[in-house]
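Please read these notes with the model open beside you. They are meant to be checked point by point.

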Amino acid sequence: MGGVVSAGEDNDELIDNLKEAQYIRSEAVERAFRAVDRADYYLGEFRDSAYKDLAWRHGNIHLSAPCIYSEAMEALELRPGLSFLNLGSGTGYLSTMVGLILGPFGVNHGVELHADVIEYAYEKLDFFIKNSKSFDSFELCEPCFVAGNCLEIAPETQQYDRVYCGAGVQRDHEDYMRRLLRVGGILVLPLEDKLTKIRRTGYNSWETKKIIAVSFAPLVLPKHPENSSPGPVPLPSMFEVRALQDLARISIRHVLTEAPPPRVLPRKRLLSGGPAAALRPRILPQQQQQQLARAVLANRYTFVSRLLPEPLDRGPAYSAREAWEEDEEREEDEDEEDAEGRASERLSRVEEEEQEEEEEEEQQRRREAGALLQESPVNRLREQILGLPLPEPLKMYLLHYREQ
């Protein structure tokens, strides 16, 4: 099953194709898919096929097509803190992606028929933790796998918020699968060649929705020699008490991840003396100072002249020369007022230009800070941990013993 979207050159291009085809629709599912490189779960000689939308099998190792996994994860409606059971967990590829969404306080269990596949899954999980560039961007709910047939789970077992089955289920086993689900929970499984979503709405009520047509190998029925009673498959406990050391690591990493990044100032602001420089009074060029002084002087002259009362009767002494001088003074006043207006306009333009420059610097600072966070979110957390005043063994524990 698969082949509905184009192959990619790498993991990101495969995810882009799944998004374009609307198989990946939520940000949480997209981030999980991008964080876990599908090729890392292939054997070395088969990595060239990893980014095709096709299922892959080699011996007991099996991976479903990417479009199936993406539809299943979208249908499961995952969120932090839920409990998840993967029936036929295989390589652990799906369980690892789900664990990135569940977070450190979720439950992530898997049942796998073949012991050698469980060993392979733990190897791939360890490789992801030690080498993935995206690991420090998440808090992983590490999957726990047990060996056994998923049709032999103990009848008194705990129920889960989310259940996925990676093998074809017939109607005879549908009720058995439903029993593993809590009220309000979601079960996604291939039921009679249809990927099906079942939501438990009450103790004896269910909602069923067909998603897409699929083709899965059927569940392997239990086989036991005669006169031997099969033992039930024990699932890990959901309520194991976490070690205080693990809880401290989760808390410290969370605090460091949520801490705001250091403020990145624009280079121009740094050269001019830092943020305090913005509070200093601006020093205007000499020409602007002279224009402002003339405008103030003209304004004072006009104000004072208007306070002096004019004579009621100018008499015969009022001559043509006096009239001419008065006109000259009026014209000078008007010219000075025009100069004042032009000076004010120039000052306004200067202030607007400075304000625009400051806004552009602020936007540039935000872009630079955002670029730093995008380029090295993992490195920032690592640098913060390495900078803590702690012994080296504790620092490596906080880093999950990652060497890069």
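The numbered points below go from the whole chain to single contacts.

1. Overall make-up. This is a predicted model. The protein has 12 helices and nine strands. Of its 404 residues, 40% count as buried. Among contacts between residues at least 6 apart in sequence, 65% join residues at least 24 apart.

2. The largest nonpolar core. This core has 52 residues; Leu18, Phe33, Met73 and Tyr164 touch the most other members. Several elements give two or more residues to this core, including helix H1 (11–20), helix H2 (27–35), helix H3 (66–76) and strand E7 (181–190). H4 and helix H5 (115–131) are also on that list. Apart from this core lies another, of 25 residues, with Leu151, Leu189, Val233 and Leu235 among them.

3. Tyr164. Setting aside residues up to four places away in sequence, Tyr164 touches Ile68, Ala72, Leu76, Phe84, Leu85, Asn86, Leu87, Leu94, Val188 and Phe216. One of these, Leu94, is a buried residue of H4.

4. Helix H4. How many of the residues of helix H4 are buried? The count is 10 of the 10 in residues 93–102, so the helix is largely enclosed by the rest of the structure. The buried residues include Tyr93, Ser95, Thr96 and Gly99. Gly103 follows H4 and has a positive phi, near 80°.

5. The E8–E9 hairpin. Strand E8 (residues 194–202) pairs with strand E9 (residues 205–213) in the antiparallel sense, over eight bridges. Two residues lie between the strands of this hairpin. Arg199 stands opposite Glu207 in E9.

6. The salt bridge count is 18. In one of them, the side chains of Glu30 and Lys19 meet at 3.3 Å, N to O. Glu30 is in helix H2 and Lys19 in helix H1, 11 residues apart. Glu30 counts as buried at 17% relative accessibility. Lys19 counts as partly exposed at 34%.

7. A link between loops. Arg171 forms a salt bridge with Glu192, with the closest N and O atoms 3.2 Å apart. Arg171 lies in the loop between strand E6 (160–165) and helix H6 (174–178), and Glu192 in the loop between E7 and E8, so the pair ties together parts 21 residues apart in sequence. Arg171 is partly exposed at 40% relative accessibility. Glu192 is partly exposed as well, at 39%.

8. A pair within H7. Asp246 and Arg249 form a salt bridge (3.8 Å, N to O). Both lie in helix H7, three residues apart, about one turn of the helix. Asp246 is partly exposed at 26% relative accessibility, whereas Arg249 is buried at 12%. Elsewhere, salt bridges that share partners join Asp12, Asp16, Lys19, Glu30 and Arg34 into one network.

9. A nonpolar surface patch. Phe105, Leu244 and Leu247 make a nonpolar patch of about 330 Å². Leu244 lies in helix H7 (residues 244–258). Is Leu244 buried or exposed? Its relative accessible area is 68%, over the 50% cut-off, so Leu244 counts as exposed.

10. Ser132. This residue lies in the loop between H5 and strand E5 (144–147). Ser132 is buried, with a relative accessible area of 9%. Beyond residues up to four places away in sequence, Ser132 touches Ala35, Phe127 and Arg402.

How values were computed
Residues are numbered from 1 along each chain as its sequence is written. This is a predicted model: local features need pLDDT of at least 70, side-chain atom pairs count only at pLDDT 80 or more; totals for chains, interfaces and linings use all residues. Side-chain values use heavy atoms; hydrogens and water are left out. Buried means under 20% relative accessible area, exposed over 50%, partly exposed in between (1.4 Å probe, protein chains only). Helices (H or I, at least four residues) and strands (E, at least two) are DSSP runs, numbered from the N terminus. Two strands pair if DSSP finds at least two bridges between them. Patches are made of residues with over 30% relative accessible area and no salt bridge: like charges are joined within 9 Å, nonpolar side chains (Val, Leu, Ile, Met, Phe, Trp, Tyr) within 5 Å. Accessible areas come from the Shrake-Rupley method with a 1.4 Å probe; for residues, only the protein chains shown count as cover. A salt bridge is a side-chain nitrogen of Lys or Arg within 4 Å of a carboxyl oxygen of Asp or Glu. A nonpolar core is a set of buried Ala, Val, Leu, Ile, Met, Phe, Trp, Tyr and Cys residues joined through side-chain atoms within 4.5 Å. Contact means heavy atoms within 4.5 Å.
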